[in-house]
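Look at the model below with its sequence beside it. Then follow this short tour from the surface to the cores.

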Amino acid sequence: MKIFLLILCMFSISYAKVYYAKVEPFELREISSKVSGLVVYADENFIGKRLTAKPYIQMDFEIDQKDLKSTKEKLTYVKSVLEINEAILVNLDESLGKKRENYKKVEPLKFKSVVEKDKEFYDLIASENLYLSTRKEIQNLKIQISDLKFREAQLERSISDKNLVAENFILYEMLVKPGQVVGIATPLAKVADDSKALLTIYLDESDVLNAKKSAIYIDGEKTSYQISRLLNIADSKNISKYMAQIVIGTPKLFSKLVKVELKNE
């Protein structure tokens, strides 16, 4: 009887619930367009291959490129005008300072006529107005430079968004063809991160509490893997089941079905 209980106890300890999971890429992204445009390049021969720094989808960006060149030229010209105005302002400031001193000297002189004093005064006011006008022009030029820089950034972003790159990802699916006009949020492609793999299983309530402490067996072999993600809220589709995910190394083949066992050892 004691031997029977011991065997029963050992069996209950080593007992494991069996689950099945499909080996999926660690991440599968659906890439959507951030801009509107005409697709000029989309090579389906890249499907299943590892992508490089070379764009795998291109949209027409010729107008953006010309606009960017023009914007950069304008920015150079405006900056040059700003430098000239800042130099003029320095000269005006020095000239204005001397005219203020001269007027202070002339104003109390009794042998100077009212007409002569008024002439000095009006000349001083004109110089002050020119000084203020130049300062205003400098502020306007700075605003213009800021606007041009923003436009430059917009165009560079637009050109970048029209040249899609997903270096080191696998092209899983191409969803557009050359000659197709797309809008913002139009699905363009699906790419996969195959640097790791993901197993998703749906645990029974009895396995949830000890899931992270359990040893994980895959196809009968013990592994060093552990539960990576565990939801304590029941799944909306698999009623009374709790989703758990295990991150594993890159397999030779994806999408195959594997047996997953959780054992309390």
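Val 18, Tyr 20 and Leu 257 make a nonpolar surface patch of about 330 Å². Patches are made of residues with over 30% relative accessible area and no salt bridge; like charges are joined within 9 Å, and nonpolar side chains (Val, Leu, Ile, Met, Phe, Trp, Tyr) within 5 Å. Accessible areas come from the Shrake-Rupley method with a 1.4 Å probe, and for residues only the protein chains shown count as cover.

This is a predicted model, in which local features need pLDDT of at least 70, side-chain atom pairs count only at pLDDT 80 or more, and totals for chains, interfaces and linings use all residues. Residues are numbered from 1 along each chain as its sequence is written, and side-chain values use heavy atoms, with hydrogens and water left out.

Val 18 lies in strand E1 (residues 16-22). Helices (H or I, at least four residues) and strands (E, at least two) are DSSP runs, numbered from the N terminus. Is Val 18 buried or partly exposed? Val 18 counts as partly exposed, because its relative accessibility is 36%. Buried means under 20% relative accessible area, exposed over 50%, and partly exposed in between (1.4 Å probe, protein chains only).

## An open sheet

Four strands form an open sheet, in the order E5-E4-E3-E7, with antiparallel pairing. Two strands pair if DSSP finds at least two bridges between them. Strands E5 (163-164) and E7 (181-182) are the edges, and each pairs on one side only.

Walk across the sheet from E5. Strand E4 (residues 57-59) is joined to E5 by two bridges. Here Ile 57 has Leu 164 of E5 as its bridge partner. Next, three bridges pair E3 with E4, and Val 39 is partnered by Met 59 in E4. Last, E3 (residues 37-42) pairs with E7 over two bridges. Gly 37 has Val 182 in E7 as its bridge partner.

## Strand E9 and its partners

Strand E9 (residues 215-218) has neighbours too. Four bridges join E9 to E13 (residues 257-263), and the two run antiparallel. Ala 215 stands opposite Lys 263 in E13. E9 also pairs with E10 (residues 221-222) in the antiparallel sense, over two bridges. Tyr 217 faces Lys 222 in E10 as its opposite residue. The hairpin of E9 and E10 has two residues between the strands, and Asp 219 takes a positive phi near 55° there.

In a regular strand the side chains alternate between the two faces of the sheet. Both faces of E9 are covered: Ala 215 and Tyr 217 are buried on one side, and Ile 216 and Ile 218 are buried on the other.

## Salt bridges

How many salt bridges are there? The count comes to eleven. A salt bridge is a side-chain nitrogen of Lys or Arg within 4 Å of a carboxyl oxygen of Asp or Glu. The table lists some of them.

| Pair | N to O distance |
|---|---|
| Arg 29 and Glu 27 | 2.8 Å |
| Lys 177 and Glu 44 | 2.9 Å |
| Asp 161 and Arg 157 | 3.5 Å |

Lys 177 lies in the loop between E6 (170-174) and E7, and Glu 44 in the loop between E3 and E4, so this pair ties together parts that are 133 residues apart in sequence. Lys 177 is partly exposed at 48% relative accessibility. Glu 44 is partly exposed as well, at 40%.

Asp 161 and Arg 157 both lie in helix H3 (residues 114-161). They are four residues apart, about one turn of the helix. Asp 161 counts as buried because its relative accessible area is 13%.

## The cores

A nonpolar core is a set of buried Ala, Val, Leu, Ile, Met, Phe, Trp, Tyr and Cys residues joined through side-chain atoms within 4.5 Å. Which residues have the most contacts inside the largest core? They are Leu 199, Ile 201, Leu 203, Ile 246 and Val 260, in a core of 19 residues. E1, E8, E9, E12 (242-248) and E13 each give two or more residues to this core. Apart from it lies another core, of 17 residues, including Ala 42, Ile 57, Phe 169 and Val 176.
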